[in-house]
Amino acid sequence: MFLNTYIREYNSPIVQVVFLGIVCLCCPGMFNALAGLGAGGSISSNIVLIDAANGALYGCFAIVGFFSGSVTNTIGVKHTLTLGSIGYVIYSTAMWVYDRKQISEFVVAAGAILGCLASLFWSAQGAIMMSYPEEKDKGKFVAIFWALFNCGGIFGSLIALVLNLKNTSGGVSTGTYTAFVIVMCVGVLFSMTLANPSNVVRKDGLSIAIAKSAHWTQELKGALFVWKEWRMLALIPAFLASNWFYAYQFRVNSIYFDPSTRALNDLLYWALQVVGAIMIGYLLDCKRFSRRSRGLIALGILFVLLNAVWAGGIAFQMTFEADYNDPIHWDHPRFGGPFVLFIMYGFSDAIYQTYLYWLMGAMSNDPALLARYAGFYKAVQSAGAATAFGIDASPLLLRWECLICWILVFVSFPLIFLVANKVTETNIVEDVMYKSDEISDENLSQSSNNLSQNDEKCIY
């Protein structure tokens, strides 16, 4: 009896998404902590090398990402997730080697390798996170995942903070990189513990839809057909904006603050991401309003908050430039304002990206299609990040970098509104799987019914 109960709970969607969040905590979460330290944790003068590595990473990510959904559908989400997680270990190892031997070529090559493998990782992640939950729980599942994922940033930042409390050299210690590599290896091993999708059963006893592998030509058609989905095209500016600002924000952290303060900022940056994800997830699953209404309400909140944060960012950026050479500690009188701004950057990032995941999840329940959506999202997002890191490596003034980030976020909102305004109460189709010999508009435009609201409470 106990064993049957254990297996049933283990195979539940919520447990699998929690496991997915733990894998992301150990791999991309720790990578984010490393990136958030600025210059990959090294001294700020190495920013050109790190920008080159990130350019290679996101460039490869963007290219492979457009087809990563098809790869995921072919070899399965579990194996794709494990394969993709290995890339993070390679990248952190390269940073450790550079810290010891100064082999810059390995860092750039590792960035390119990670770009290819991470595109697969995030396609599998998106398919699991958006297709496993019931429609009424999609906001909650995204919030749970995003909170766990960003606990990796918190954990990694805490490691960096503890190991660098008295470090004034400009870069983090070698032990920091060693710790990151070990945690990422744990994440790779943990990815192997996820259940096969065929074993995952929801609370109502129904199994989730399984993405069946189609012929490679049909998978290619499916990947290309996403370009005909007007909603995905309308979201391209939002996808571009969603990772564009990292290059700028982490550059500011590396320039304006000393190593221990950078680690503290990074810690609270990711902590506020957890808070933001939970708050927006609660709103997006609140049953007092229709799914369309809560999507539009959340979008209005995002618009006000993000524009306020970036307005503050512009005001702060006007006070210094990239040649600033007096990094401050947390006991400095000027610490408070920049600190609050930096952690609000993290909060706004979480609510923005959580919302985009929820919006894509509201467009379909088909895991094969959602894998392609996730791959497309991450590909466009990475193309934007590659461009941003290229700009960051140029002589362009930081104030203009900040303004570009704000403009991209601002112009994305009218197009997000067009998509959110078309959200239906549910997506009901007779067959959520693609037929191996048919790719049609009906696969992308799910039929919808407007259901009455039976529950007047916020369920979370």
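## Overall make-up

The secondary structure of the protein chain amounts to 17 helices and zero strands, where helices (H or I, at least four residues) and strands (E, at least two) are DSSP runs numbered from the N terminus. This is a predicted model, in which local features need pLDDT of at least 70 and side-chain atom pairs count only at pLDDT 80 or more, while totals for chains, interfaces and linings use all residues. Residues are numbered from 1 along each chain as its sequence is written, and side-chain values use heavy atoms, with hydrogens and water left out.

Of the 460 residues in the protein chain, 59% are buried; buried means under 20% relative accessible area, exposed means over 50%, and partly exposed lies in between (1.4 Å probe, protein chains only). The protein chain exposes about 17800 Å², and carbon and sulfur atoms supply 68% of that area, as computed by the Shrake-Rupley method with a 1.4 Å probe, where for residues only the protein chains shown count as cover. Among the contacts in the protein chain with a separation of 6 or more, 86% are accounted for by residues 24 or more positions apart, a contact being heavy atoms within 4.5 Å.

## Helix α14 and its partners

Two packed helices are described by the angle between their axes and the distance between the axes. Here the axes are lines fitted to C-alpha atoms, for helices over the stretch in contact, and angles run from 0 to 180 degrees between N-to-C directions. Helix α7 (residues 138–163) packs with helix α14 (residues 336–361) at an angle of about 140°, and their axes are 9 Å apart. That angle makes α7 oblique to α14, given that angles under 35 degrees count as roughly parallel, over 145 as roughly antiparallel, 65 to 115 as roughly perpendicular and the rest as oblique. The crossing in which α7 passes α14 is right-handed; a crossing is right-handed if the near helix is turned clockwise from the far one by less than a right angle, and left-handed if anticlockwise. On the α7 side the contact is made by Lys138, Gly139, Val142 and Trp146, and on the α14 side by Ala350, Gln353, Thr354, Tyr357, Trp358 and Gly361. By class, this contact of α7 with α14 has five nonpolar, four polar and one charged residues, where Ala, Val, Leu, Ile, Met, Phe, Trp, Tyr, Cys and Pro count as nonpolar, Asp, Glu, Lys and Arg as charged, and the others, Gly among them, as polar.

Helix α12 (residues 259–284) also packs with α14, at an angle of about 40° and with the axes 7 Å apart, and α12 passes α14 in a right-handed crossing. The residues that make this contact include Leu268, Leu272 and Ile280 of α12 and Phe339, Ile343 and Phe347 of α14. The contact of α12 with α14 divides into 17 nonpolar, five polar and two charged residues.

The axes of helix α2 (residues 13–26) and helix α8 (residues 174–191) come within 7 Å and cross at roughly 155°, which makes α2 roughly antiparallel to α8. The crossing of α2 and α8 is left-handed. Phe19, Ile22, Val23 and Cys26 of α2 meet Val183, Met184, Gly187, Phe190 and Ser191 of α8, and the residues of this contact divide into seven nonpolar, two polar and no charged.

Val17 is also placed in helix α2, and at 0% relative accessibility Val17 counts as buried. Leaving out residues up to four places away in sequence, Val17 touches Ile128, Phe141 and Phe145. Val17 and Met130 are 113 residues apart in sequence and 9.7 Å apart in space, C-alpha to C-alpha.

## Three further residues

Phe376 is found in helix α15 (residues 367–392) and is buried, with a relative accessible area of 2%. Phe376 touches Gly65, Phe66, Val226, Trp227, Met232, Ile236 and Phe239, not counting residues up to four places away in sequence. One of these, Val226, is 150 residues from Phe376 along the chain, and their C-alpha atoms are separated by 7.8 Å.

Trp400, which lies in helix α16 (residues 398–420), is partly exposed, with a relative accessible area of 44%. Asp326 sits in the loop between α13 (291–317) and α14, and Asp326 is partly exposed, with a relative accessible area of 44%. Asp326 and Ile255 are 71 residues apart in sequence and 8.3 Å apart in space, C-alpha to C-alpha.
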